[in-house]
Amino acid sequence: MPDITEELTEYTSANGVCYDASTQFGSDSIIIDTSLYINGDAAFNTTEFMGQGIIYATGAVTYNAGSMSTANGSRLFIASESGDITINGSGISMNAVLYAPNGCVCINSNELNLNGRIIAKQVCINGTKVNINAGPCDLDMLDFIFKPEIDVAADGTKKENRRVSLSVQEIMNTEYIQKENTVWSITRDGEDAGQYYAVDEENSDYFHREMIFREAGTYMVSVTVTTGKVNYTVTKELVIEEDKAPCADFELSDKYFMRDEEGKTYVHIDDSSVSPDGDTIGRRVWTIYYDKDNNGEFDESEGTVISDENEAAVDYTTENVGRYKVSITVYETFDDTIPKLLTEDAYLHDDTSGKAVSECVFEVGNEAPTAALDIEKSKSADIVFTVGETDADTMAVYTEKADELKTLLAENGIDAKVDAVSTSTYTAQDTFAWKEYGHYNCDGYAEHIIYEEDAIKMIGYYSSPKKDFLYIANDNPGQKTFEFDLQRDNTDWHSMEGGGFLFNTTVSDDDNYIKGFCILVTRSGLKLVRIDCDNLQRFRDGGVEWVQNVGQLLRTYSIPNLYAEHHFKIVVDSSTISVWDGDTLVIDNFVLPENDYGYGFGPITSQAWHDCWQRSYFTFKNITMETMTGSSLSDIVDGYDWRAGASHYVLNISSAEVPELVSDDAMAELAAALIRNQAAFAGIGSDTNESQYLGLLNAANTGGMYVSLDDLSSKMDTINTYILQSVLSKDYSIDKYITTDDIITYKGYYQDAENDKIYEEQWGYEYDPSAFTSSSGEAENIVKKVDEPITVFENTGAYSIRLAVRDNPTGDNDALDGYRLWSDTEQYDRLLLVQTRPAASVSVTVSEDSEDSSECIANAVYEAYDADHTDDSTQGIREEYFCYKNVKDAGWTEGKLPNRLAAGCTYLVKYQVKDAEGTLSFPAVAVVCTTEPGVYEEIDDTVPPTVYIDTAKTEIKVGEELLIDGYALDDYGVDSYEMYIDGELVPQLFWTSDINS
């Protein structure tokens, strides 16, 4: 044990009772309860001694006592700095330490019980019973002597919000420290600094602190430890540096950008931000502001974050023109911290809000479009799908292929008008809105038309022949298919005329009439009746017994078992009707009388006169109607509304005989319509009508094909492909001339480098009507500006076309209208001469040959003119083309129609002319029927033909070519024409082909 006399002297002299010289203590009983310091020898003479604390003497210490002891739980420390400790007694029992580092401890006692220890140079013990027990707490009262020594170490980055580790370093005498009583104190400027730091308590203990300092400054860190008897404090200065925010900046690759052919631009931006104190930039947030309202300001609402993934460079893609502002916000990051102790603003950041706006803004511009004119005739096509008799499945395929054709032509840039046939099916339950024509509160019934689920029962009357019916007006002339079940009750027929169905009917309450047709199941069979009644009220209320009394019984057809339930199917269009009773065809394509009655329909019953209580009735069930909307072949003959400048096609599908082709005359009329309109024809049929379709194709010879109904889908694909290739194969180029019926299209007139859509176009047409002698319009130049191009020129003359186009890179954002640019001012000019197509006509009168009944006399009159050259000697006509054929012939015979034709035949006569500009007229066609010729009348022709000869020049040189234009006119036609020069016949080969007869 080290020498602790100095410490004892210091302690007892400071904390005990001091005696400056040797001292003797004597009494029967001595009790010491505090520490004593005796500068000399100390002697205690007593019968009984009890003490605690430290008794320290610089000299010897002597005890003469009968007994010695210490108070319960207390201890006694007897020390002699340089002398001996002598204890004489009879019974000694105490908790004590005897300390004589430079002397001897001598104990003379019969009984010695010492809980403690003896520390001395020499020890001498004389006694009968001696017990000395050393313990771990023997020296606890000397804790002040063993004062601990510590230090405080600070590790980590001594900067704001960084991890700082403070640790107590144990230097000496630390084993007695009560760590749980360690006190930490951190101050700044003499004040507690608790608000400026945070401790990670989870990872700290009594001697260790994991912490961050939230604010820079000089801090004093003090740690006080205690042994319970003595405290020790150490203080360290800790300087925390300021954390400096990063400096945000960026560099734009350019300030003005153009877009590519996809309308996009790519902007590259590099981050040039730095951290002044070397911290890492851990997050970069790039924001682009788009000045979409073009007001020069960049609102927060106009900003979009394009990247927050700490990219040091970004590429921004945009399709929008206008001004953009770039902003970057950078955030520092550091790993040497305790994240859970950080506040939201711990990671410092900076943005470019202070950067000059001019350095942050870039612009996406627009390149002006260019205007150019490439004019050609429009790839236009009019296709008419017509239908005869066919079933629903076939119609579905036919309609589907019509839709496919529309798509196919559109995909190939063809302006197509497809007149398709559509079908719709309706039922009584979900669609029909019948108008009732019944009688109420009559003959014991509130109503005589009774609805029972899917059935309609029409009950009769006691006596009068009333008529009840349901009616729906309809204005669709297309084919309709009605199907319904009809059953008569079992009473006899004397009270009932019949029940059936109205079709192609109009009922007018205002004008009090009913006109149309109906079928009726009667006692004599199925009647087909025309109704033409000008008194609807009389018709309904019993004033008419039989329906045919106010019209006409067209025909009666036999049907079996009149009382059975019959399933009728009626197929009707504007002119024909077919009726099936179950699977039996009863009425086969009956041609109705010509009429304009309308297209309404509905069930009807007609009662008969009688005078008894019998009331008969009919029940209608499962009424359905399938309508077909579209054109028929008859419409083609009657004059379809074709576009003159388009290619024309007619399709017809039928499984039965085609009414429009039942005779040569009818076929010729249809063929003539096809020829006049230069329409190709495709027939889809069966063995029943194949010869009819082939005959029409042969007669018209306008192109097309016949296909059978089997494998219809594939056959329709063939037809669709034919139409497509036919349209595409034609020449649509325009050199200089077009006609007033041509449809033109402007190709590629708008070109934009960025593929922006066109926003505006200004077409200027400078019109000179004097280009042709007979041009319509004003006799001066007219300048017309329009927003859309003219595709059909109504007036003849010269047109100089100018075009300016404006692109639209801004969509519907009018705030950026300034970015919509016009094409350059040097607008492309195109000259176009618009003429009238020459017109040709041919008419033929046929009369009988009084001398030969096998022939007829035909007089064909051919006429042609060009409205642009009415003052020309030949009215502008330069070439004529004549041909004719028997409708059964395979090809045409060139030349004019002969004056004599075989009787009983049908002919087609075609005439076409070409004008001075080289434009062909549309074919003029006449149908000539020699079956019933007119009576021949002798013509009193007293006026001879007039002959005209025009020469291009009156003087020519030898060998120079001279155009001589010769022709003759006569009110009854010219049979022959010959030209002579100096008496020599000039062969027709060398004539000008400009001949007018």
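Modeller: Here it is, and please keep in mind that this is a predicted model. We could begin with D260, which, leaving aside its neighbours within four places in sequence, is in contact with Y266, A753 and E754.

Colleague: How many residues apart in sequence are D260 and E754?

Modeller: D260 and E754 are 494 residues apart in sequence, yet their C-alpha atoms lie 5.5 Å apart in space.

Colleague: Which backbone nitrogen lies 2.9 Å from the side chain of D260?

Modeller: That is the backbone nitrogen of E262, which is placed 2.9 Å from a polar atom of the D260 side chain.

Colleague: Switching topic, what does the side chain of S647 make a polar contact with?

Modeller: The side chain of S647 makes a polar contact with the side chain of K730, at 2.7 Å. S647 is in strand β48, which covers residues 647–653, and with a relative accessible area of 6% S647 is buried. Not counting residues up to four places away in sequence, S647 touches S380, A381, D382, V727, K730 and Y732.

Colleague: Now the rings: how many aromatic pairs does the structure hold?

Modeller: There are 41 aromatic pairs in the structure. One of them is formed by Y290 and Y324, which are stacked, with 4.6 Å centre to centre and 20° between the planes. This pair links distant parts of the chain, as Y290 lies in strand β21 (residues 280–290) and Y324 in strand β24 (residues 322–333), 34 residues apart.

Colleague: Why is the pair of Y316 and Y324 called edge-to-face?

Modeller: The ring centres of Y316 and Y324 are 5.9 Å apart and their planes stand at 65°, so the pair is edge-to-face, because the angle is over the 60 degrees required for that class. Y324 is buried at 1% relative accessibility, Y316 counts as buried at 17%, and Y290 is buried with a relative accessible area of 14%.

Colleague: Which residues form one aromatic cluster?

Modeller: W434, F482, F484, F501, F568, F601 and F620 form one aromatic cluster.

Colleague: Last one: which rings have K457 and K569 over them?

Modeller: K457 lies over the face of Y617, 4.7 Å from the ring centre, while the charged end of K569 sits over the ring of W580, at 5.1 Å from its centre.

Note on methods
Residues numbered from 1 in each chain as written. Predicted model: local features only at pLDDT ≥ 70, side-chain atom pairs only at ≥ 80, totals over all residues. Heavy atoms only, no water. Contact = heavy atoms within 4.5 Å. Polar contact = N/O pair within 3.5 Å; in protein donor to acceptor, adjacent residues only side chain to side chain. Helix = DSSP H or I, 4+ residues; strand = E, 2+ residues; numbered from the N terminus. Buried < 20%, exposed > 50% of the residue type's maximum accessible area, 1.4 Å probe, protein only. Phe/Tyr/Trp six-rings, centres within 6.5 Å; stacked < 30°, edge-to-face > 60°. Lys NZ or Arg CZ within 6 Å of the ring centre and 35° of its normal.
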